Amino acid sequence: MPRAFIILLDSFGLGASEDAKKYGDLGADTLRHIAQYCTQGKADKEGVRKGPLHLPNLSRLGLNAAAEISSGSPVPGLATDIPIEGLYGCAQELSLGKDTPSGHWEIAGVPVYFDWGYFPPEYPSFPDDLIEDFVTRANIPGILGNRHASGTEIIAELGEEHERTGKPIVYTSGDSVFQIAAHEKSFGLEKLYELCSIARELVNEFNVGRVIARPFIGTPGKYVRTGNRRDYSVLPPEPTLLDKIVEKGNQVISIGKVSDIYAHQGISKSVKADGNMALFDAFLKEASTAPDNSLVFVNLVDFDMLYGHRRDVIGYAKALEDFDKRLPEFEKIMKPGDFAVITADHGCDPTFPGSDHTREHIPVIAFGPGIKPGPVGVRKTFSDIGQSIAKHLGLAPLKNGKSFL
């Protein structure tokens, strides 16, 4: 009986898409630029990168061939002379913007054709009325931040003042987000979640995609974010692939932030974990016991959160190699009738100026027992992934997308 799996490498782009210039991202190419950086032997915080990017399992499944489809040439350093065992290609985004919800929803068959609301980079980023309402309803002495910022940097800068005053750190970015950072111990995790629920109601009129709780622990100079992040997303505008699976009485098992991104709609079970390897451990556990006709969907967030946004090229490269080494563990537990797709939700080229997402093609790497390998070309929408999974699971066709099966 069929089962389906989505392994989403958050931010793993395969090269600027046709409309990248519109978004200021012409020339972005997450995979290629990481690979090129690795061949140059540049130093990072822990020393010098030695040797090219090594992704034998992803290459075996078709990653380098997919990159060539996207950008016209293979990626330097990645294998090109091995038999390919998967379906391979890339997909163009139809949705407006380059946000996390847009990418996830479009994969599940629901492109976003409306404009998200964004807050300007100039200080103060948030309207006075919004902050006044937030402070009053939350019963807090005020806020800190109120600007575009890197989460780790603004926590390092304002964390001590936050603990002293009880004012949460509120900031945004190039995404459609309202982010709130607070210390888990001195401020309280549940209190932070309550503030995010209040903010979620208040930012609806601004058409903001997500409110994100960003808890941290530690002491001044040694603050670290924890795995208790929570995303408060708006609902997708239409039923998604996930809804269709659940409506049929089958299961959708979410690993990581997936359930948050779909506002917990179309989710049967939600499993949380902190860090890519812990998330992959949870994925393997759920994949080994997932019932027939189910979808197991994991988001490996570190690629985006720890390496893409922070422009840590060497860290991104190592995270890719760590993931690649573990892929055979999943392949060993796959059963006849299983179908898996490795993909992404947008790009976040760590060599590109700024710290925002980049408008890129995403990989479409599909494999499983009985899946005949070969190219699937440039897909016109991320929804082709959802449509292919719907076909594999015997569901009625989704409204958007064309199956590559």
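This is a predicted model: local features need pLDDT of at least 70, side-chain atom pairs count only at pLDDT 80 or more; totals for chains, interfaces and linings use all residues.
**View 1. What lines the second largest pocket, by class.** The pocket itself holds about 330 Å³ of space. There are 26 lining residues, and the closest to the centre are A149, S173, Q179, R214 and H309.

**View 2. Which helices and strands supply the lining of the second largest pocket.** The top contributor is β8, which gives three residues to the lining.

**View 3. An open sheet of eight strands.** Read across, the strands run in the order β12-β11-β13-β1-β14-β15-β4-β16, with mixed pairing. At the edges sit β12 (269-271) and β16 (374-379), each with pairing on one side only. Going from one strand to the next, the twist averages 15°.

**View 4. A closer look at β1 and β14.** Strand β1 (residues 3-9) pairs with strand β14 (residues 338-343) in the parallel sense, over six bridges. Look for I7, which stands opposite I342 in β14.

**View 5. Two helices packed on the sheet.** Helix α3 (residues 63-71) touches β4 (87-91), β15 (362-367) and β16, and its direction makes about 35° with that of β4. Helix α13 (residues 383-392) also packs on the sheet, touching β1, β13 (295-300), β14, β15 and β16. The direction of α13 makes about 175° with that of β14.

Key. Residues are numbered from 1 along each chain as its sequence is written. Side-chain values use heavy atoms; hydrogens and water are left out. On a 1 Å grid over the protein atoms alone, a cavity is a set of points where a 1.4 Å probe fits but cannot get out, and a pocket is an open set with protein on both sides within 12 Å along at least five of seven lines; lining residues have an atom within 4 Å of a point. Grid points are joined across faces, edges and corners, and a volume is the space filled by probe spheres set on the points. Helices (H or I, at least four residues) and strands (E, at least two) are DSSP runs, numbered from the N terminus. Ala, Val, Leu, Ile, Met, Phe, Trp, Tyr, Cys and Pro count as nonpolar, Asp, Glu, Lys and Arg as charged, and the others, Gly among them, as polar. Two strands pair if DSSP finds at least two bridges between them. Axes are lines fitted to C-alpha atoms, for helices over the stretch in contact, and angles run from 0 to 180 degrees between N-to-C directions. Contact means heavy atoms within 4.5 Å.
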